[in-house]
Amino acid sequence: MMSQNSDAITAKTKAAAVSDVGFRAFIRRLRKNKTAFIGGCAIIFFILVAIFGPFLTVHDPYHVDYTNKLLTPSSEHWFGTDHAGRDIFTRIIHGTSITLFIGFFSVIIGMVIGVLLGIISGFYGGIIDTIIMRFMDILLAFPGILLAIAIAGVLGGSLGNVIIAVAIFSIPSFARVVRGSTLALKKLEYIDAIKTLGAGDARIIFKHILPNILSPIIVQATIRMAYAILTASGLSFLGIGAQPPTPEWGAMLNDGRQFIFDYPHVALFPGLAIVAVVLAFNLFGDGLRDALDPKLKQR
Amino acid sequence: MFQFIVRRLLQMIVVLFGVTILVFSLMHITPGDPARIIAGEGAPEHTIENIREKLGLNEPYHVQYFTFLSNILKGDLGNSIRNNIPVIEEIQTRFWTTVELATYSVMLAVFLGLLAGVIAAVRQYSWIDSGLMVLILFGLSMPNFWLGLMLIKYFAIEIPIFDPSGWGTWQQNVLPVVTLGTGGAAIIARMTRSSMLDVINQDYIRTARAKGVKERIVIYKHALKNALIPVVTVAGLEFGGFLGGAVLTETVFAVNGMGRLVINAIGSRDFPVVQGAVLVLATLFVIVNTLVDISYRYLNKRIDLE
């Protein structure tokens, strides 16, 4: 009885040692990471601005007032006003939720589809793998933002279509990362052991593979958020994304483009807003990646 | 090696084939009847029927696709709906502008990226390193169209050194190239830094130093040469990013290239032009990617793909 007990304890310590490479260790390393901390705080700040900001602004983001157009920054209008006399600060605050919304949903949709395709590809291999990965190659054949431009352009400019376009644009990166991790995991003995015990494919995929590849998926999702926000603002800037008078930052830049030479504040602040949010996600993503791969950090 | 090249070329053909399917589908993912959308609101029924007839939209999808594909293979991308000029002609005049813009930008990005990356790695943890890392992060986070607008404002209007728009003379080319090259420079700098750090910590570098080889030679001859391999791949992949990013840059600087062609065509719902331009850009990118892959393999014979 006594020895059985101590056996159980040893088993527990062993399990704890194993978890050091797993998700918990990832979180632990993440907490110590300064870059991730700064990025994470900034992201939380922007989320709070998106939720509560609109209640705190005194101006109406859509209120057109031509008598007050193109005012330079002042105590009344912190970031000045645009060509229609709308308060730019207010519009940027209201635009925060739009930006985060587009980024979040396009990445989530791209992630769900990409992760499923990646796991199936890595787990089953063979012809399924070839078909899925060739399909990803085809999506990746469209240089950079061009696929998103073509899709959003043809579907017509609207927030929903931007989300669809950016989501499709992010599928291959998830599929590739997840396929790689799945392949690495599949080689481990314990997956074989579970299979021998008679676990079904779905059970192995969702209970044993997916939880173990969460960390790279989260890292990828954070980095893709930065891309997604940049891409979406680019689409709006081209006039095939969010349409004016929506206070989306890219659309604001497009809207005020012809005035920026005399009134640079019209373009300066929406641009800085994009930089700040994208920077936050890049910092957080970098920190996450370091926490995921401690070898990189030691350098 | 020969086998690898053949396999890679076959793969390229499969991907290009898939690209044609996707480009073909572009016309059909439009919500509603493409002919009606092309004709515009309130167009008379016979105009719509005319367009439908001209684009073969009455045929079943697979027939339409095979016509599309066989026309492409004959070098025929159809005619522009707006001005009835063959799409291929519209593209021909603009293709080289975009290629030039992307190529100069890649060159600038590689030059700046390597320089910044090597300096940051050699001076790891110094203030130069930290400063460069901050710059790199900004470069990665900045929308290039915004950078372009700001450059026009300050370097073409306030201090009129460069031209604010167009393409051809060096005064016109500098700002678009800087705009497009900056993001790529940041990516390459980051890659170079980490790749250099990997190499610098290797035994053979320590050996070279121990032998008394000059530091400059160690860095540039021994380390950089090996650190370049992953950088080449990134630069090649970035070429695609540049082709895509050119759309935004060309819009900001009113450069009459492929990107602007796509955007204008989207605006006027000229689907054959959109399809043709997207197809040409994707084909170019796929070919460049294949070449990069082959040269990567050649540069680094140690790696064995499968």
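The model is predicted; local features require pLDDT of at least 70, side-chain atom pairs count only at pLDDT 80 or more, and totals for chains, interfaces and linings use all residues. Residues are numbered from 1 along each chain as its sequence is written, chains are lettered from A and ligands numbered from 1 in the order in which they are written, and side-chain values use heavy atoms, with hydrogens and water left out.

Chain A contains 13 helices and zero strands. Helices (H or I, at least four residues) and strands (E, at least two) are DSSP runs, numbered from the N terminus. The sequence order in chain A is α-α-α-α-α-α-α-α-α-α-α-α-α. Chain A has 299 residues, and 51% of them count as buried. Buried means under 20% relative accessible area, exposed over 50%, and partly exposed in between (1.4 Å probe, protein chains only). Among contacts in chain A with a separation of 6 or more, 71% involve residues 24 or more positions apart. A contact means heavy atoms within 4.5 Å. Accessible areas come from the Shrake-Rupley method with a 1.4 Å probe; for residues, only the protein chains shown count as cover.

Chain B contains 12 helices and zero strands. From the N terminus, its elements run α-α-α-α-α-α-α-α-α-α-α-α. The C-alpha trace of chain B spans about 85 × 55 × 30 Å along its principal axes. Of its 306 residues, 50% count as buried. Residues 24 or more positions apart supply 71% of the chain B contacts with a separation of 6 or more. The accessible surface of chain B is about 15,100 Å². Carbon and sulfur atoms account for 63% of that surface.

The interface was then examined. Interface size is often given as the accessible area lost when the parts come together. Chain B and chain A bury about 4,000 Å² between them, with 78% of it on carbon and sulfur atoms. Buried area is the accessible area (1.4 Å probe) that two parts lose on being put together, summed over both. On the chain B side, Ser141(B), Phe145(B) and Trp146(B) lose the most area to chain A, together 14% of what that side buries. The contact involves 50 residues from chain B and 43 residues from chain A.

One salt bridge is found across the interface of chain B and chain A. A salt bridge is a side-chain nitrogen of Lys or Arg within 4 Å of a carboxyl oxygen of Asp or Glu. Asp286(A) and Arg190(B) form a salt bridge through their side chains (2.7 Å, N to O). Five residue pairs are in polar contact across the interface of chain B and chain A (both at pLDDT 80 or more). A polar contact is a pair of N or O atoms within 3.5 Å; within protein, one must be able to donate a hydrogen and the other to accept it, and residues adjacent in sequence count only if both atoms are side-chain atoms.

Several helices of chain B each supply at least two residues of the side that touches chain A, including H1 (2-26), H8 (170-200) and H12 (271-299). H10(B) gives the largest share of that side, nine residues. By class, the side of chain B that touches chain A has 35 nonpolar, 12 polar and three charged residues. Ala, Val, Leu, Ile, Met, Phe, Trp, Tyr, Cys and Pro count as nonpolar, Asp, Glu, Lys and Arg as charged, and the others, Gly among them, as polar.

Local backbone geometry comes next. Most residues other than glycine have a negative phi, and most peptide bonds are trans. Pro244(A) and Pro245(A) are joined by a cis peptide bond, with omega about 10°. Pro245(A) lies in the loop between H10 (214-237) and H11 (249-255) of chain A. Asn84(B), not a glycine, has a positive phi of about 60°. Asn84(B) sits in the loop between H4 (61-73) and H5 (87-122) of chain B, and is partly exposed at 45% relative accessibility. Ala254(B) also has a positive phi, near 50°. Ala254(B) is placed in the loop between H10 and H11 of chain B, and is partly exposed at 32% relative accessibility.

Arg86(A) lies in the loop between H3 (34-56) and H4 (88-124) of chain A. Arg86(A) is buried, with a relative accessible area of 5%. Its side chain makes a polar contact with the side chain of Asp255(A) (3.3 Å). Not counting residues up to four places away in sequence, Arg86(A) touches residues including Tyr62(A), His63(A), Arg91(A), Pro245(A) and Asp255(A).
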